[in-house]
Amino acid sequence: MKKILFVMVFLNIKLYAEIIEFSSANPFSFSDIINSFSEQETINIFGELKFPDKKENKEYPLVIGVAGSLGWKKHHYDQLKIFRDMGIATFELNSFKSRGVSSTVGTQTEVTTAMMILDSYKALDVLAEDLRIDAEKIAIVGWSLGGGTALFSGWNALIEAINPQYNFAAHLSYYPPCVAIPDNLDFTTAPMHILIGEIDDWTPSFACEELVLKLNEKGYDAEITVFENSHHSFDSELELIEVDNGYSLKDCSFKIRDDGAVVMNFMEIPMTTPFLQKIGLFACADRGTTIAGNSEARILAHEFSKSFMSKYLIEN
């Protein structure tokens, strides 16, 4: 692990960011983690660790943040600042920049959920050893592709294969893709919550509602909040934008086998390579999606996220 201290000055406000580097790997799929984890080529990943402005001589709870397919954006940074204002340290995971990638919109192959989940757990193990961090109070939050990372980092098949020294205390997912559901619904006992827009045409809300229902039937602590009249990226301040090459997953429904293979919804072909994944998405996904902020939903989501992290990282 390598630490580099940066001092960034904006409007006369000093923000100290430590660049934390650690070793991870490039598994394309969940099956690569479960079946051939030791064979994956290693890679160095970095992220930015930031503490609240008013630092105290204590152990801080921590939230690890994971961005979506377009990388880190203003609304992600806004959310992490809210956590720091609560007295929670934050870590901005840079799975994309570490691999020289700026966006995976329209492809979803250069950086995958499997890579980001592995990065998240490798970061967790490094950060939990930092004496300034409370190792028992580290949560994960993610958006879109990162939301899928926050969600499926709770799937025990992956946790057991990665075999981390530490576990996340809570999982908060903004508009994750829920169109692939494991046959084996063996998840973490930590609380999981999904925040998603009712009219999200990238990652449909009804798929997440179905997954949460299945998890509840198994007794897991999983909940969902669906915001009315809200698009993908509802927590941003963006006007309505049409993304011509974005994958709309509303007609896709996959299953995840016990070996981690995501199986197409026809002929049960496993999508374990970039080529097979493209075929699987071509068969069900439309091109053309939208993103837009919703001021009311943004406020409500921020209030909920504060309450969620306070409950599991501060009050407990």
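Me: Is H193 buried or exposed in this structure?
Reply: In this predicted model, H193 has a relative accessibility of 4% and therefore counts as buried, since the cut-off for buried is under 20%. H193 belongs to strand β9, residues 192-197.

Me: Which residues does H193 touch, leaving aside those up to four places away in sequence?
Reply: With that exclusion, H193 touches H171, L172, S173, E223, I224, T225, F304 and F308.

Me: How are two packed helices described?
Reply: One gives the angle between their axes and the distance between the axes. For helix α2 (residues 74-85) and helix α9 (residues 295-315), the axes come within 10 Å and cross at roughly 40 degrees. The two helices are therefore oblique to each other. As for handedness, α2 passes α9 in a right-handed crossing.

Me: Which residues make the contact of α2 with α9?
Reply: From α2 come K74, H75, D78, Q79, I82 and F83, and from α9 come R298, H302, S305, K306 and M309. By class, these residues divide into three nonpolar, four polar and four charged.

Me: At what angle do α4 and α5 pack?
Reply: Helix α5 covers residues 145-152, and α4 packs with it at an angle of about 60 degrees, the axes lying 9 Å apart. This pair is therefore oblique as well, and the crossing of α4 and α5 is right-handed. On the α4 side are T113, M116, I117 and S120, which meet L145, G146, G148, T149 and F152 in α5. The contact of α4 with α5 has four nonpolar and five polar residues, and no charged residues.

Me: Where do nonpolar side chains tend to be found in soluble globular proteins?
Reply: In such proteins, nonpolar side chains tend to be buried together. Here the largest nonpolar core has 95 residues, and those with the most contacts inside it are L62, I64, F91, V141, Y174, F254 and M309. Helix α4, residues 113-128, gives the most to this core, with eleven residues.

Me: What surrounds Y174, one of those core residues?
Reply: Not counting residues up to four places away in sequence, Y174 touches Q79, V141, G142, W143, S144, G147, L195, F234, D235, A301, H302 and S305. Among these, Q79 of α2 and H302 and S305 of α9 also take part in the contact between those helices.

Me: Which backbone feature deserves attention at N229 and S233?
Reply: N229 has a positive phi of about 50 degrees although it is not a glycine. S233, also not a glycine, has a positive phi of about 65 degrees. N229 is found in the loop between β10 (222-227) and β11 (241-248), and S233 is likewise in the loop between β10 and β11.

Me: Are N229 and S233 buried or exposed?
Reply: N229 has 55% relative accessibility and so counts as exposed, whereas S233, at 9%, counts as buried.

Me: What separates the C-alpha atoms of P270 and S31?
Reply: These C-alpha atoms are separated by 9.6 Å, while P270 and S31 are 239 residues apart along the chain.

Key: Residues are numbered from 1 along each chain as its sequence is written. This is a predicted model: local features need pLDDT of at least 70, side-chain atom pairs count only at pLDDT 80 or more; totals for chains, interfaces and linings use all residues. Side-chain values use heavy atoms; hydrogens and water are left out. Axes are lines fitted to C-alpha atoms, for helices over the stretch in contact, and angles run from 0 to 180 degrees between N-to-C directions. Helices (H or I, at least four residues) and strands (E, at least two) are DSSP runs, numbered from the N terminus. Angles under 35 degrees count as roughly parallel, over 145 as roughly antiparallel, 65 to 115 as roughly perpendicular and the rest as oblique. A crossing is left-handed if the near helix is turned anticlockwise from the far one by less than a right angle, and right-handed if clockwise. Contact means heavy atoms within 4.5 Å. Ala, Val, Leu, Ile, Met, Phe, Trp, Tyr, Cys and Pro count as nonpolar, Asp, Glu, Lys and Arg as charged, and the others, Gly among them, as polar. A nonpolar core is a set of buried Ala, Val, Leu, Ile, Met, Phe, Trp, Tyr and Cys residues joined through side-chain atoms within 4.5 Å. Buried means under 20% relative accessible area, exposed over 50%, partly exposed in between (1.4 Å probe, protein chains only).
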